Amino acid sequence: MYDLPKRALGPHAKRLIFTPKTLKVLYSERQLKPYQSESGGQLFGEFANDVVTVTTASTPSPKDQRSRYRFTRSRNTEQAEIDHEFSNGLHYIGDWHTHPEPRPAPSSKDHSGARRLFRTSRHELPNFLLVIVGTSDDPADLYVALVNGRRLKQLS
């Protein structure tokens, strides 16, 4: 659970929670072997009272481009996932991807890509989430940040 700064993900959101199902998906994609490519996807969730709950993490599609140090989603796949999850009552909240290091930190490409995504997307959120999953299975080692068009702000 993460405490959220005021208005970070909406006017009433004060806490951020990842469901066990979501964490299981994120940890299942860790780059534990030298031949494993980066993985990633989108995060979807619910807003209830003062809690934002991340209930779903999508996984890579065959149309995504992946290498050891690079992950690029198919825009068509992303929009199809957003439309599908929205029809199920879930909202797009942000993106996640892996890094082959125990305690991940965003690269300069992560910074610029996340800020560009926020600026070029149609949405009503004051921030998106950016989650980077390293090789550690300790939740304290997840990199969790708020991102908007100007900056990333780490929550963890």
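Visitor: How do the residues of the lining of the largest pocket divide into nonpolar, polar and charged?
Guide: This is a predicted model, in which local features need pLDDT of at least 70 and side-chain atom pairs count only at pLDDT 80 or more, while totals for chains, interfaces and linings use all residues. Residues are numbered from 1 along each chain as its sequence is written, and side-chain values use heavy atoms, with hydrogens and water left out. With Ala, Val, Leu, Ile, Met, Phe, Trp, Tyr, Cys and Pro as nonpolar, Asp, Glu, Lys and Arg as charged, and the others, Gly among them, as polar, the lining of the largest pocket divides into 11 nonpolar, 9 polar and 9 charged residues.

Visitor: How much space lies in the largest pocket, and which residues are the closest to its centre?
Guide: A pocket is an open set of points on a 1 Å grid over the protein atoms alone where a 1.4 Å probe fits, with protein on both sides within 12 Å along at least five of seven lines; lining residues have an atom within 4 Å of a point. Points are joined across faces, edges and corners, and the volume is the space filled by probe spheres set on them. For the largest pocket this comes to about 810 Å³. Its lining counts 29 residues, and the closest to the centre are Phe71, Thr72, Lys109, Asp110 and Gly113.

Visitor: Which element gives the most to the lining of the largest pocket?
Guide: Helices (H or I, at least four residues) and strands (E, at least two) are DSSP runs, numbered from the N terminus. At least two lining residues come from each of β6 (70-72), α2 (75-87), β7 (91-98), α3 (108-120) and β8 (128-133). With 8 residues, the element that gives the most is α3.

Visitor: And the second largest pocket: which element has the largest share of its lining?
Guide: This pocket holds about 680 Å³ of space, and of its 28 lining residues Tyr92, Arg122, His123, Glu124 and Leu125 are the closest to the centre. The lining divides into 14 nonpolar, 9 polar and 5 charged residues. At least two residues each are supplied by β3 (40-48), β4 (51-57), α2, β7 and α3. The largest share, 5 residues, comes from α2.

Visitor: Is Asp141, the partner of Arg103 in a salt bridge, buried or exposed?
Guide: The side chains of Arg103 and Asp141 meet at 2.8 Å, N to O. Arg103 lies in the loop between β7 and α3 and Asp141 in the loop between β8 and β9 (143-147), so the pair ties together parts 38 residues apart in sequence. Arg103 is exposed at 58% relative accessible area. Asp141, at 15%, is buried.

Visitor: Which residues do salt bridges that share partners join into one network?
Guide: Arg73 and Glu81 meet through their side chains in a salt bridge (3.1 Å, N to O). Arg73 is buried at 11% relative accessible area, and Glu81 is buried at 16%. Through shared partners, one network joins Asp64, Arg73 and Glu81.

Visitor: Which residues does Phe47 touch, leaving out those up to four places away in sequence?
Guide: Phe47 lies in strand β3 and counts as partly exposed at 34% relative accessibility. Phe47 and His91 are 44 residues apart in sequence and 8.4 Å apart in space, C-alpha to C-alpha. With contact meaning heavy atoms within 4.5 Å, Phe47 touches Leu9, Val52, His91, Ile93 and Leu125.

Conventions: A salt bridge is a side-chain nitrogen of Lys or Arg within 4 Å of a carboxyl oxygen of Asp or Glu. Buried means under 20% relative accessible area, exposed over 50%, partly exposed in between (1.4 Å probe, protein chains only).
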